Amino acid sequence: STQTAAISVPADILIHDEVDFSDPLTLTSFTSRLGHVKEEDIIRRRFSTPTVSGFGVSLLFDQSSQKWYAVKCEHCETWQVPVFERDVVIPGFDGSILKDLEKEDLTDPRYLFDDAYLACPGCKRQLSVGNLANPERRQWVAAKPGATRSGYQVQPFDVPTINPVRRTLKYLDDFDRKADWVNFKLGKDYQDAETSFVKAAVDKAFCLQQVSPMAGAATDTVMGVDVGKTSWISICRPNELTGMDTIYYERVKLQGPETLPNRVKQLFEWYGAQMCIIDAGPEWTQALAVIEALPAGRAFACYYRSVSKPKLSFVELDEENHVALADRTGIISQAAKKVNGGMHRFCKGPDTQTYKAHLDSLKKVTRRDANGKDVEAWVNNGPDHYGHSLFFASVADNLLSYKPKVQVIPALPLPGKAKMKGLEEREPRFQYGP
């Protein structure tokens with residue numbers, strides 16, 4: 001759970017269980033403890049329930065020999081690799097197990113779950129428990145036999161007497177989220193609207209024409225800036241769908257300390273921006289230069305934070321130090337909900353495919369913190385800079401949505417037996433713009 005525990009162990013063998021639910025930095029620390037062992041003597045085993053594609057154990061499997069436990073069908077006498085979601089047959093049910101099967105279907109009398117079975121991908125006849133449990137008719141088959149790392153995919157029916165098909169299907173009733181059933185019972189990664197920016201929704205969202213950068217191009221917008229040697233900018237404005245539209249975006253290669261503040265100021269004025277949120281890292285000087293280039297109170301540097309119970313709008317503000325604190329998980333989840341729900345739209349431009357790829361690389365997983373508590377977190381399996389420029393724009397929009405609330409101060413002493421409660425400092429407190 002912690003790096004402190006890791007650095008105290010001089011290891012020869014590492015066995016990591018539940019890789020996807022572990023802190024990646026801690027796993028790296030454990031790996032460093034193998035430095036005294038000859039490379040050919042290192043033994044390392046990693047197991048896990050998968051969560052999302054391109055992350056954790058799924059990424060390790062993708063980079064491995066990808067071994068599947070093949071079965072020789074007793075009917076057609078051919079070696080086959082059945083896949084649960086493709087080859088399970090539920091009499092009466094014709095839909096896709098991953099796309100269409102829902103918890104309420106378990107009680108539908110038309111669907112005969114007790115008679116469900118695994119079909120041979122070749123001849124389509126039923127693979128019996130005896131066939132699946134016979135070691136002489138099973139063998140590991142590698143999809144990438146030349147890979148240096150060995151990887152194994154275990155499916156429920158690979159232990160057929162413990163996990164008959166009907167039992168695995170009926171487990172769906174025990175999970176609030178279908179993603180958890182797919183992860184824990186099918187042993188597969190799974191993305192849905194709660195754990196990713198759904199590709200179909202993102203493709204549909206890129207439907208607007210770009211607003212060209214020029215003086216007076218737009219009004220009442222917000223800006224988000226992700227900082228780096230190449231910085232990334234998104235400009236958004238409210239739409240009629242109770243969401244936002246991203247009307248312009250670009251990447252800026254920094255040629256000098258004035259490149260970014262000058263360009264942000266120019267775009268801020270052209271698009272009539274009311275608020276700009278800029279990444280506070282990797283160095284504060286760039287954020288400060290942008291803040292100083294814009295009107296007072298219209299720009300803040302943003303630090304992500306993680307809390308188990310995010311506050312209203314996922315944002316706190318420190319006006320004096322020009323700093324906004326945003327709950328990382330909350331603000332990204334809010335943006336994903338709007339994109340997946342069709343409330344956030346994007347313009348098409350030269351960087352459209354890059355923007356889509358940056359959103360696609362973000363996945364939400366569950367991790368175990370140092371206290372052993374499961375917490376949700378967004379991770380990336382590739383560049384995600386445009387995504388963070390969007391999230392910073394969302395922080396700006398949340399700040400503009402703040403409405404001041406009156407603090408009622410009692411003018412007379414309260415009755416002696418009454419307890420005076422502390423004055424309520426209600427959120428949201430701040431309002432910017434006209």
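Leaving aside its neighbours within four places in sequence, which residues is Asn239 in contact with?

Modeller: Happy to! This is a predicted model, in which local features need pLDDT of at least 70 and side-chain atom pairs count only at pLDDT 80 or more, while totals for chains, interfaces and linings use all residues. Residues are numbered from 1 along each chain as its sequence is written, and side-chain values use heavy atoms, with hydrogens and water left out.

Beyond its neighbours within four places in sequence, Asn239 is in contact (heavy atoms within 4.5 Å) with Met244, Asp245, Met343 and Arg345. Asn239 sits in the loop between strand 11 and strand 12; strands are DSSP runs of E with at least two residues, helices are runs of H or I with at least four, and both are numbered from the N terminus. With a relative accessibility of 12%, Asn239 is buried. Here buried means under 20% relative accessible area, exposed means over 50%, and partly exposed lies in between, using a 1.4 Å probe and protein chains only. The Asn239 side chain reaches two backbone oxygens: that of Met244 at 3.0 Å, and that of Met343, also at 3.0 Å.

Arg345, one of the contacts of Asn239, also takes part in a salt bridge with Glu240, where the closest N and O atoms are 3.2 Å apart. A salt bridge is a side-chain nitrogen of Lys or Arg within 4 Å of a carboxyl oxygen of Asp or Glu. Because Glu240 lies in the loop between strand 11 (230–238) and strand 12 (244–253) and Arg345 in strand 17 (residues 345–348), this pair ties together parts that are 105 residues apart in sequence. Glu240 is exposed at 60% relative accessibility, whereas Arg345 is buried at 17%.

By this rule the model has 18 salt bridges. Among them is Lys188 with Glu85, whose closest N and O atoms are 2.9 Å apart. Lys188 is in the loop between helix 7 (178–186) and helix 8 (199–205), and Glu85 is in helix 4 (residues 84–87), so the pair joins parts 103 residues apart in sequence. Lys188 is buried, at 11% relative accessible area, and Glu85 is partly exposed, at 24%.

Another salt bridge pairs Asp203 with Lys356, with 3.2 Å between the closest N and O atoms. Asp203 in helix 8 and Lys356 in helix 12 (residues 352–360) are 153 residues apart, so the pair links distant parts of the chain. Asp203 is partly exposed at 31% relative accessibility, while Lys356 is buried at 17%.

How values were computed. Polar contact = N/O pair within 3.5 Å; in protein donor to acceptor, adjacent residues only side chain to side chain.
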